[in-house]
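Open the model in your viewer and keep the selection panel at hand. The tour moves from one selection to the next.

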Amino acid sequence: MTIQQAKADALAARLGAGAEGQGGSTQQSWLGAAQAAALARVQGMGLPGKRDEYWRYTDPSTLNVPKALSAALFDNRGEPRPFSAVDRLKLVFVDGVFDPAQSDSLALEGIEIERLSQAAANPSHWAAGLYGTLEARGQTPVERPFAALNTAQADEGVLIRVTGKPSRPVSLIYLRKSVDCDAILHHLIKVESGAELTLLENGPAAARLSKVMEVEVADKGRFHHVRTQGRDHDRRAISHIFARIGAGALFKSFTLTANGRLTRTEAFIELLGADSVAHIAGASVGDGDFHHDDTVFVTHAAERCESRQVYKKVLKNGAVGVFQGKILVKQGAQKTDGYQISQSLLLDDDSQFLAKPELEIYADDVKCSHGSTSGAIDDTALYYLRSRGVPLKQAQSLLVLAFLAEAIAEIDDEAIAEDIRGRLEAWLHRHEHAGNGQ
Amino acid sequence: MLEIKNLHVKLADEDKVILRGLDLSIGAGEVHAIMGPNGSGKSTLSYVLSGREGYEVTDGSAKLLGEELLEMEPEARAAAGLFLAFQYPVEIPGVGNMTFLRTALNAQRKARGEEEVSAGDFLKLVREKAKTLKIDAEMLKRPVNVGFSGGEKKRNEILQMAMLEPKMCILDETDSGLDVDAMKLVSDGVNALRDAGRSFLVITHYQRLLDHIKPDVVHIMAAGRIVKTGGPELALEVENNGYADLLAEVQA
């Protein structure tokens, strides 16, 4: 059996199990047409197998199976909700379905928010012709079949068009009630010229989540994104961000990942206008049989752009961290400033970090650096802290937070950064006492 | 204050013996100095007392105010009142100096069953102590010792000492890497802490530091033991004649 045939079979198996190949929209709508095109795209690719180079460190089989595997619900009701101290517009999804009763009114000055399913009926909607376009661009040079499958199948998600500077961040909250449901979410965000949005996301969403977020940031637009992925132990998630960034624009994205059986988080970012900036960062903590994969592809296609990839992973009790990061500097993208760092802190001998940093440069006047390290807590620093009276566990936590600090520093809003820091501190504090788990 | 008896220490990983029956007794409020040639075990003594890993105590005891130090975790020794000013203060990227100081202070207070210091009181205290050591706000904000000059690192050690108010302070070659002005500043900081209830053990190679921090007792250490004890004049003798004569005299 050829690899290509195996991929096609995997897709057929996934599509065959009762689920339709395509989302609910009729072929006649712009959404239906985009979904049909996406279905054709994924049919041309198939689903990945273990022998796929891009899936070398992460086994896609539980993403390929037709139905989500059961994942026990995680009870963390006693803890403060993420971003609870931040004044924000809340949009709540339960098991991947928008819940208007728990959500705020969608009206906010400087921004238009609609559900994907409702926008499809409007033939002249701004999203027509844009939905699926960024995902399709992201299929070269490396195929991302789960993203195309998402575009084809999604019938839930939000379309956000930002025309001004809304007074509050928009917060997408993904609750889950079902132990074994799939959720497919596809968001499309357009930040118009000079506009600015902060987008927050949190929650586990489903036993298995497939999420695509397409983000277009027009010239001089600014987009800030901070998310935490729910830490239900058995949940699986594959998420993609596809971003297209215009001249003088800013894109910043930070992701906190804690536990979760399998988390593959991909980002495909294109700097298309001169003097634009893209920073993407991740802090991840895994204590147990958890697998966190961050796969990032940043393309510099214009002059004087700056990109940073900052990924920090703290792993123990068998957790596995993966980082695949690439900076591609196209011909003519002179004065590019590219930076990439991926580091892991292995708290015991059972954990593993696999990194594949790549640079591909076709311009001659650029500054690009990348580094990747893996190590244990610094014994000398630990001794120094203890000699000042800080107990061992607290000293370890302090050093772990210090290790993650460079990633958290990528969050511009201090209140939001503090929220993330607090969550990490609480996580570390719980793990100082419990060996495995929470 | 500090009673060390017949202390024998070897490296944990190899058969190298470093301390061979060291005895030392420091009374409350006293300042003792230890001098001695390279490799005599001076720094090892300070590490063993503060609880650094990598050493094995094969015999003897070290008591602080009657409590056996050698059985305690390093943090418990600190809470009991021991402080080591490091010869090479450690850089900790990502941990702010202020956070570090406050965490340490409150951890010690908690261990002793005392109330934690409020953010406001802490800030007031640290500013006041930092000012006398010419440590500016910028230095307090930076990560612990990262990018500090040699002098700044040593001043930062003394600031920690001033904040934590230990009972027994060990200064391990605090004068190394300091210019004359910095030495004066650091010494003034130490002298300001001299108190009837606080003792000091000053480890140094040079008489110069002892001009500033005047010791009550001077010990000469060689091959893992105290071989001679005297007054401040002993330090002058070392400065003038070196160790060779002294050691020959001891061995004779």
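How many residues of chain B are in contact with chain A? Select both chains: 29 residues of chain B are in contact with 17 residues of chain A, contact meaning heavy atoms within 4.5 Å. This is a predicted model, in which local features need pLDDT of at least 70, side-chain atom pairs count only at pLDDT 80 or more, and totals for chains, interfaces and linings use all residues. Residues are numbered from 1 along each chain as its sequence is written, chains are lettered from A in the order in which they are written, and side-chain values use heavy atoms, with hydrogens and water left out.

Stay at the interface. The rule finds 3 salt bridges across the interface of chain B and chain A (a side-chain nitrogen of Lys or Arg within 4 Å of a carboxyl oxygen of Asp or Glu). Select A:R386 and B:E73, which form a salt bridge with their closest N and O atoms 2.5 Å apart.

Now select the elements of chain B that each supply at least two residues of the side touching chain A, among them α1 (42–50) and α3 (97–111). Helices are DSSP runs (H or I) of at least four residues, strands (E) of at least two, numbered from the N terminus. The most comes from α3(B), with 5 residues.

Next, go to chain A. There, 10 strands form an open sheet with mixed pairing, in the order β2-β1-β5-β7-β9-β11-β13-β15-β17-β19; two strands pair if DSSP finds at least two bridges between them. At the edges, β2 (97–98) and β19 (367–375) of chain A each have a single partner strand, so one side of each lacks a neighbour in the sheet.

Finally, select β1 (residues 89–94) and β5 (residues 170–175) of chain A: they run parallel and are joined by 6 bridges. A:L89 has A:V170 in β5(A) as its bridge partner.
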